[in-house]
Amino acid sequence: MGPQEFAYLLQGLAWTLVLTAMGFVGGIAFGVIVALMRVSSVTWIRLIAIGWIGLFQGTPLLMQLFVAYFGLPLLGFNLPAWAAVGIALTAHASAFLGDIWRGAIQAVPRGQTEAAMALGLHTRSLMIDVIMPQAFKLSLPATVGFLVQLLKGTSLAAIVGFIELTRAGSIVSNQIYRPLLVFGVVGAMYFAMCWPLSLWGRNIERRMSAGASR
Amino acid sequence: MTLDFSVVTDAWQSLAFGALGTLFLAIAGMSIATVIGVLGVAILRAQMRVPSFLVTAFVEVIRNTPFLVQIYFIFFALPLAGVRLNPTITAILALGLNGGAYAIEIIRGGVESIPTGQTEAGLALGLHKHEVFRFIVLKPAIRAIYPSLSSQFILLTLTTSICTSISAYELTSVGQRIEAETFRSFETYFTLTGIYLVISLATMWLLAEIGRRAFNYPQR
């Protein structure tokens, strides 16, 4: 594998990072909405969020990518491939992050809500100033875990035909016919991105459980 | 642009067989994953340096690389090692190894939650080390982590769709063939998504049922 092929892989890696960033940033924005809808006291709002989460957790990410990739043009949106993939990843991430944060919001002790209400805070302030900062901290390990999941998930864009790291690997592998070397390098690149994140997530978790048992 | 689902409904038989293929991949993958999970934890508990390191390295590598890259790697590595397997068997192997790494991590968490006093009590009662591991450590541990193992297995079921990349026999590859013949991409994948939803709901129910029967405390 020459420097030219390696540069091609790095270009693919850049796209993997772009897709991950799109999915994660979009997922955070919409995930907060999904989480808040999921804990809403209005039944039909809660049901929509339950359906949204169940739909994305109960179907393969690959199908979600296919449906977005072929379905959005049918709805009249003529999008480039990266945008269609980005939208699918955003929707996927919003459901998973929404569910993670739902769990975190419900894990904040009930006394906190009662104390805030006793102090006369409005629902809005109760959520933004009291519950969400604590829920955010509780959810960090799972959120980082999902980020790793999402980064690995972007590899499925390769099956739709988008040239990110894995697809770049297939192309290079077909050119030089050294599949083990190429996919070994591609795997090592993913590992170099995901492993530090995983270690970081585990570290936060350990510190939190040490704090809890003290 | 009008939608035409007739091409999909016409192919209902191939889709049904594809769904069976998916279930077969999932169940075979789960079985191998469970075996690898238990073996891996047993090796970790033996606390020998090199085997423990190898198991930990295996878990970290699998958990931090995409399944698609793993299945490509295995698909190309086996023939070079002189092993010729058909794509479906290769897919089962890949699913088992991938699920096994997660199973090791999950089961290890459960085993660590068993207080050492229980193991000591078992030993004091004269049970053999293996009996202690099997009845006093493993069973309560799996009971404790059964919910997380179940959701990992649901993920494994959904992951089978990626096996289309090496053309293993399962639902997505059947769908891709229908798409190639009819050019009805959206209709095909929309239907597949629905079938997958049914499959994962059924798997969830099945796993819950197994958990209720196998890991419940005896009740009188």
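Q: What is the handedness of the crossing in which α2(B) passes α5(B)?
A: In this predicted model, α2(B) passes α5(B) in a right-handed crossing, and the term applies where the near helix is turned clockwise from the far one by less than a right angle.

Q: Why are α2(B) and α5(B) called oblique to each other?
A: The axes of helix α2 (residues 12–46) of chain B and helix α5 (residues 87–112) of chain B cross at roughly 45 degrees and come within 6 Å. Angles under 35 degrees would count as roughly parallel, and those of 65 to 115 as roughly perpendicular; the two helices α2(B) and α5(B) are therefore oblique.

Q: What classes of residue make up the contact of α2(B) with α5(B)?
A: The contact of α2(B) with α5(B) has 17 nonpolar residues, together with seven polar and one charged.

Q: Why are α6(B) and α7(B) also described as oblique?
A: Helix α6 (residues 116–124) of chain B packs against helix α7 (residues 129–159) of chain B at an angle of about 140 degrees, and their axes are 10 Å apart. An angle has to be over 145 degrees to count as roughly antiparallel, and α6(B) and α7(B) are therefore placed among the oblique pairs. The crossing of α6(B) and α7(B) is right-handed.

Q: Which residues make the contact between α6(B) and α7(B), and what is their class?
A: From α6(B) come Gln118(B), Thr119(B), Gly122(B) and Leu123(B), while α7(B) gives Val132(B), Ile136(B) and Val137(B). By class, this contact of α6(B) with α7(B) has four nonpolar and three polar residues, and no charged ones. Gly counts as polar under the definition in use.

Q: What makes up chain B as a whole?
A: Chain B has nine helices and zero strands, and its C-alpha atoms fill a box of roughly 75 × 50 × 25 Å along the principal axes. Of the 220 residues of chain B, 39% count as buried. Among the contacts in chain B with a separation of 6 or more, 79% are between residues 24 or more positions apart.

Q: What makes up the side of chain B that touches chain A?
A: The contact takes 29 residues from chain B and 27 residues from chain A. On the side of chain B, the elements that give two or more residues are α3 (49–63), α4 (67–80) and α9 (185–214), and the largest share, 10 residues, comes from α9(B). The residues on this side of chain B divide into 19 nonpolar, eight polar and two charged.

Q: Which residues is Leu151(A) in contact with, leaving aside its neighbours within four places in sequence?
A: Leu151(A) is in contact with Thr20(A), Met193(A) and Cys194(A). Of these, Met193(A) is 42 residues apart from Leu151(A) in sequence, yet the two are 8.5 Å apart in space, C-alpha to C-alpha.

Conventions: Residues numbered from 1 in each chain as written. Chains lettered and ligands numbered in written order. Predicted model: local features only at pLDDT ≥ 70, side-chain atom pairs only at ≥ 80, totals over all residues. Helix = DSSP H or I, 4+ residues; strand = E, 2+ residues; numbered from the N terminus. Buried ≥ 20, exposed ≤ 12 C-beta atoms within 10 Å, placed from the backbone. Contact = placed C-beta atoms within 7 Å. Axes fitted to C-alpha atoms, helices over the stretch in contact; angles between N-to-C directions.
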